[in-house]
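Subject: Structure for you to look at

Hello,

Here is the structure I said I would pass on. Please open it beside this email, and my notes follow below.

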Amino acid sequence: MTIDWNDTAREWHLTNGRTSWVLRVLENGWVALLHAGAPLAMGPSYRHLGPATFEGYDNRVNEPIGLAAPVPGVGDFRVPAIVVENPDGSTVLDLRYRAHRILAGKPPLAGLLPCTYVEDPAEADTLEIDVADAPTGVVVTLSFSIFRDWPVMARSMRIANDGPAGVVVRAAMSATLDLPDAAWTLQTLSGTWARERDVVERPLVPGRQGVGSLRGGSGAEHNPFLGLRRASTTEDAGEAWGIVLAWSGNFIAEADVDAHRTTRLRIGIHPDAFAWPLEPGAAFTTPEALLAWSGDGLGGMSDALHGVLRERMARGPWRDADRPVLLNNWEGTYFDFDHDRLVEMATAAKAMGIEMFVLDDGWFGARSDDHRALGDWNVNRVKLREGLEGVAREVHALGMQFGLWIEPEMVNADSDLFRAHPDWAIGIPGRKRTESRQQLVLDFARPEVVDHVADAIIAVLAAAPIDYVKWDWNRFITEPFTPSLPPERQGEFFFRYTLGMYELYRRLTTRFPDILFESCAGGGARFDAGMLAWAPQAWTSDDTDAVERLRIQWGSSLPYPLSSAGAHVSAIPNHQTGRLTPIDFRAAVAMFGAFGYELDPTAMTDAEREAVRHQVAFYVERRDLFQRGRFLRLRSPFEGDGNETAWMVASADGSRAVVAHYRVLQHPMPVRDRLRLRGLDPSARYLVTAWSSFDAPLGTVERGGDELMRVGIGIEPQEPVPAGAWADGVRIVRADFTARMFDLRRV
Ligand code: DGJ
């Protein structure tokens with residue numbers, strides 16, 4: 001891995017042998033991006049890949065030009081990276097090269113911004129380039145960190161006001177990326193509550209196209225992710241880009257294709273509802289963006305992002321530790337529980353091998369439903385006569401871990417907290433506050449509000465032995481305003497809110513380093529790279545229907561590793577869709593995530609309990625593969641009629657794998673089919689054991705890795721429905737909703 005500076009050509013080459021970025025100082029002093037993507041040989045100059053200087057863009061006739069720090073109003077009419085309102089009200093900057101530094105390792109970003117890190121300086125190299133605008137004294141530091149182990153570049157930017165007068169930052173992207181052509185298909189992950197992260201694809205067309213959030217959180221509607229692939233790119237071949245933003249608030253992620261068919265990508269804080277005044281001497285640092293380039297298809301893009309997010313964004317003891325199989329009581333009880341019921345549930349869960357019991361919403365204040373008590377973080381003694389400590393003690397006595405739900409950023413109007421501090425809820429004095437789920441959002445831009453909530457939650461977590469926390473966030477922000485800032489600084493509000501949330505995470509994770517945190521936001525509405533720095537797993541979606549989950553988990557897997565995606569087996573009829581699916585099908589889907597259950601185990605049949613016992617044993621034996629293996633997508637639920645999905649996990653050396661093939665509905669006259677696997681050793685022989693339920697394998701055969709990958713593994717047609725197979729709770733109707741799993745071990 002090297003960052004090379006060619007003083008004669010005034011050119012930098014950043015490469016790790018798997019990707020290259022080449023930048024140079026143009027003759028007018030601007031910094032240009034000559035190349036980003038495929039690895040290039042170190043040594044030669046690549047200055048011929050771009051023009052010698054920048055003379056205005058619109059009438060370009062020679063090579064396209066990529067700019068590293070694009071600004072508006074200077075003849076580059078594509079979307080800018082940096083918009084600064086100067087003391088005279090203009091927004092033009094002339095950012096010329098001033099200095100650069102090449103550093104071993106990767107410095108952290110300022111303040112609480114979540115970012116990747118290194119454990120050894122040899123893991124990454126960093127290039128910082130200062131470009132400066134002489135008339136105002138604005139200095140922008142462009143930061144590029146290239147990792148040794150992944151074809152990933154971490155980008156961020158610092159805007160400093162070294163001039164004599166105040167300026168206002170109106171847009172500050174974490175990264176722009178100029179590509180010389182537009183023959184790409186854009187991928188976004190879009191949806192809504194209970195339908196998060198559908199893969200949405202569109203060939204790029206001239207103009208701006210993209211996604212964003214102005215909800216105060218990254219949102220379920222669009223994820224802070226952009227993918228690009230060529231029309232011919234598959235899971236394992238062809239070019240792809242995957243870009244994520246490590247930020248959990250408002251964002252924009254878009255492509256701008258100009259008249260000359262060049263593409264500019266940009267990702268960062270959404271410039272709407274954002275303005276950051278910079279007094280002389282002050283600076284603003286953007287969140288971090290991670291840009292992964294792959295020449296090995298979408299799978300290579302996911303490998304890179306999974307690796308860096310799992311190993312160098314997630315942190316703390318839970319990064320590498322085995323995640324416990326949990327039972328969450330939410331869908332099993334909702335608000336209707338007491339001490340005895342919880343202990344009965346935990347006892348039944350323990351008998352099935354489940355390792356942790358999680359108490360969800362409803363344990364505090366007068367929380368009998370979702371209309372009241374958010375903010376009152378004192379134990380409801382009517383439900384829990386011995387407090388949390390009593391439940392935790394009994395759960396621990398069973399040999400299980402104990403987890404707890406909180407929603408610290410919220411308040412109900414019907415709460416003691418709101419009655420004491422009505423002004424702590426976000427709103428604009430003199431205007432109505434919009435309620436959502438009958439609740440309001442606390443103003444986390446105010447330090448005293450964060451202080452109060454931190455004290456309250458720390459008291460709860462210190463008073464009982466708690467091993468896990470699920471941190472929920474069930475509505476978006478409306479009427480954005482904080483009385484803690486003067487009118488001219490209200491544009492800081494959303495950014496400061498997210499920093500306030502991160503500050504609470506910082507305090508809780510510092511005070512309780514051994515607690516496993518799972519982020520949640522009414523399902524998966526804040527599932528982003530930034531949250532993974534604080535909570536290594538996230539609740540993927542409130543939709544626990546296994547058929548729906550095929551799409552949700554497939555889409556989530558484009559950027560995010562399996563270890564980050566909470567996935568639970570729930571009861572039937574499914575609470576979101578009403579669908580009846582066999583319990584082994586539900587488990588076969590949920591195992592490809594941070595695995596757990598979300599139902600009332602005391603209401604299960606004996607056959608269901610027996611099935612769960614086998615599922616947990618199957619999972620625990622292969623947990624290492626599910627949690628840390630390489631995830632490989634085989635058949636997409638977004639293709640064709642979506643009736644089939646297949647994916648697998650494999651060890652890095654290809655010696656072990658677990659494959660799953662799912663068929664949603666049976667069709668008449670099914671054909672024999674072969675599923676081609678990936679990630680195996682083509683020269684090795686494998687023992688392949690098939691499972692359709694988890695109690696006993698169907699049989700084992702020996703096959704070559706070459707055959708399994710090049711010819712495929714036989715997927716049997718569905719078996720006919722046996723008479724009387726209806727509704728024993730385990731195998732509802734054998735024909736529909738079937739999963740076939742294969743366990744592979746190198747001989
Ligand atoms: C939304 C979450 O996504 C659910 O899992 C559950 O915790 C509820 N909130 C509780 O109110």
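R446 counts as buried in this predicted model, because its relative accessibility is 9% and the cut-off for buried is under 20%. Its side chain meets that of D423 in a salt bridge, with 3.2 Å from N to O. D423 lies in the loop between helix 5 (416-420) and strand 26 (440-441), and R446 in the loop between strand 26 and helix 6 (447-463), so the pair ties together parts that are 23 residues apart in sequence. D423 counts as partly exposed, at 39% relative accessibility.

Other salt bridges

A search of the whole structure gives 67 salt bridges.

In one of them, R385 and D340 meet through their side chains at 3.0 Å, N to O. R385 is partly exposed, with a relative accessible area of 46%. D340 is partly exposed as well, with 38%.

E409 forms a salt bridge with R526, and their closest N and O atoms are 2.8 Å apart. Here E409 sits in the loop between strand 24 (401-406) and strand 25 (410-411), and R526 in the loop between strand 28 (516-519) and strand 29 (537-539), so the parts tied together are 117 residues apart in sequence. Are these two residues buried or exposed? E409 is buried, with a relative accessible area of 0%. R526 counts as buried too, at 3% relative accessibility.

The network is made of E119, E123, R312, R319 and D320, which are linked by salt bridges.

The chain as a whole

The chain has twelve helices and 39 strands. For 747 residues, a compact globule would have a radius of gyration near 27 Å, and the chain agrees with this because its own value is 27 Å. Along the principal axes, the C-alpha atoms fill a box of roughly 80 × 70 × 45 Å.

Of the 747 residues, 63% are buried. The accessible surface comes to about 25,700 Å², and 52% of it belongs to carbon and sulfur atoms. If you take the contacts between residues at least 6 apart in sequence, 70% of them join residues at least 24 apart. There are 77 positive and 100 negative side chains, and the centres of the two sets lie 2 Å apart.

Helix 9 covers residues 583-590 and is mostly covered, with eight of its eight residues buried. Among these buried residues are the charged D584 and R586, along with I583, F585 and V589.

The loop between strand 30 (565-570) and helix 9 holds P573. A cis peptide bond joins I572 and P573, with omega at about -10 degrees. Most peptide bonds are trans, and most residues other than glycine have a negative phi.

Two residues with positive phi

Y334 is not a glycine, yet its phi is positive, at about 45 degrees. Y334 is placed in the loop between helix 2 (330-333) and helix 3. With a relative accessible area of 31%, Y334 is partly exposed.

F737 is another residue other than glycine with a positive phi, in this case near 55 degrees. It is found in the loop between strand 38 (713-715) and strand 39. F737 counts as buried, at 13% relative accessibility.

Strand 39 and F742

Strand 39 spans residues 738-746, and F742 is in it. F742 counts as buried, at 4% relative accessibility. Which residues is F742 in contact with, leaving aside its neighbours within four places in sequence? They are A657, V658, V659, V688, T689, A690, I713, G714 and I715. Strand 38 spans 713-715, so I713, G714 and I715 in that list are the residues of strand 38 by the DSSP numbering. The C-alpha atoms of F742 and I243 are separated by 32 Å, and the two residues are 499 apart along the chain.

Regards

How values were computed:
Residues are numbered from 1 along each chain as its sequence is written. Side-chain values use heavy atoms; hydrogens and water are left out. Helices (H or I, at least four residues) and strands (E, at least two) are DSSP runs, numbered from the N terminus. Buried means under 20% relative accessible area, exposed over 50%, partly exposed in between (1.4 Å probe, protein chains only). Contact means heavy atoms within 4.5 Å. A salt bridge is a side-chain nitrogen of Lys or Arg within 4 Å of a carboxyl oxygen of Asp or Glu. The radius of gyration is taken over C-alpha atoms; the globule rule is 2.2 Å times the number of residues to the power 0.38. Accessible areas come from the Shrake-Rupley method with a 1.4 Å probe; for residues, only the protein chains shown count as cover. The place of a charge is taken as NZ of Lys, CZ of Arg, CG of Asp or CD of Glu.
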